[in-house]
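Here are my notes on the pockets and the nonpolar packing, jotted down while going through the model. Have it open next to you as you read.

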Amino acid sequence: MYQSLLLSTGGGIISNAQKSKQDDAPVLVIGVGGTGAKALDTLKKKVYKQLEADDPNATVPSYNHIRFLEIDSDAEWMEGTNLNNAQEFLNLQDPQIRGKFNNDITRYDMLKKPQFQWLEAEDIRIPESLHGAGGVRQLGRYMVINSSQSVYTKIKTGISNAISNRKANDLVIHIMAGISGGMGSRCS
């Protein structure tokens with residue numbers, strides 16, 4: 001019980017008088033993959049807990065120049081997080097991925113595209129119980145490249161929302177990802 005109350009371990013209650021002032025710089029924090037989702041969720045909790053809100057007297061705190069974005073191929077990671085699914089999550093899941101990789105003709109057509117020349121698709125067999133990229137780096141990278149326009153649009157929107165009505169010229173972007181797994185490693 002005592003350990004959970006220590007501020008040094010992330011616990012405790014921080015009064016409004018103890019909260020840190022915000023910096024004026026617009027910020028976009030991007031989490032990639034499951035590890036990125038966990039880190040992003042933890043960071044968002046800390047921001048809401050330890051920084052003064054835009055309006056300290058508001059019932060619901062807001063931080064208009066701090067934006068969060070999770071990019072993942074497995075929507076299950078989002079369950080139980082504090083992230084807003086509509087605005088703060090981009091799902092790269094490809095419902096037809098089994099057909100693309102398990103069918104020789106479709107796989108051959110895919111490999112003819114220059115953006116997939118690196119892909120060793122003949123070595124990848126998609127299991128029936130696949131969640132996201134399933135820890136397969138090539139699948140994670142494929143999903144990012146296959147959805148590159150959506151990734152670009154979502155990041156651009158996050159940046160636009162963060163810099164909206166801000167005086168500061170410096171944009172800060174943080175990217176959080178794991179070093180293994182299917183989405184975080186080499187995909188970000």
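1. Helix H7 is the biggest contributor to the lining of the second largest pocket, giving four residues. Keep in mind that this is a predicted model. Strand S2 (66–72), helix H3 (85–88) and H7 (148–163) are the elements that each supply two or more residues to that lining.

2. By type, that makes three nonpolar, four polar and three charged residues. The space inside comes to about 150 Å³.

3. The largest pocket holds about 200 Å³. Its lining has 19 residues, and Gly34, Trp77, Gly181, Gly182 and Met183 sit nearest the centre. Helix H2 (residues 33–50) gives the largest share of the lining, three residues.

4. On to the packing. The largest nonpolar core has 23 residues, and the members touching the most others are Leu92, Ile97, Phe101, Leu119, Leu139 and Tyr142. Strand S1 (27–32), S2, helix H4 (97–102) and helix H6 (137–146) each put in two or more residues, with H6 giving the largest share, four.

5. There is also a second, separate core of 13 residues, with Val27, Ile66, Phe68 and Phe89 among them.

6. What does leucine 92 contact beyond its neighbours within four places in sequence? The partners are Ile71, Asp72, Ser73, Met143, Val144, Ser147, Val151 and Met183. Met183 turns up again in the lining of the largest pocket.

Note on methods
Residues numbered from 1 in each chain as written. Predicted model: local features only at pLDDT ≥ 70, side-chain atom pairs only at ≥ 80, totals over all residues. Heavy atoms only, no water. 1 Å grid on protein atoms, 1.4 Å probe; cavity = no way out; pocket = protein on both sides within 12 Å on 5 of 7 lines; lining within 4 Å. Points joined across faces, edges and corners; volume = space filled by probe spheres on them. Nonpolar A, V, L, I, M, F, W, Y, C, P; charged D, E, K, R; others polar. Core = buried A, V, L, I, M, F, W, Y, C linked by side-chain atoms within 4.5 Å. Buried < 20%, exposed > 50% of the residue type's maximum accessible area, 1.4 Å probe, protein only. Contact = heavy atoms within 4.5 Å.
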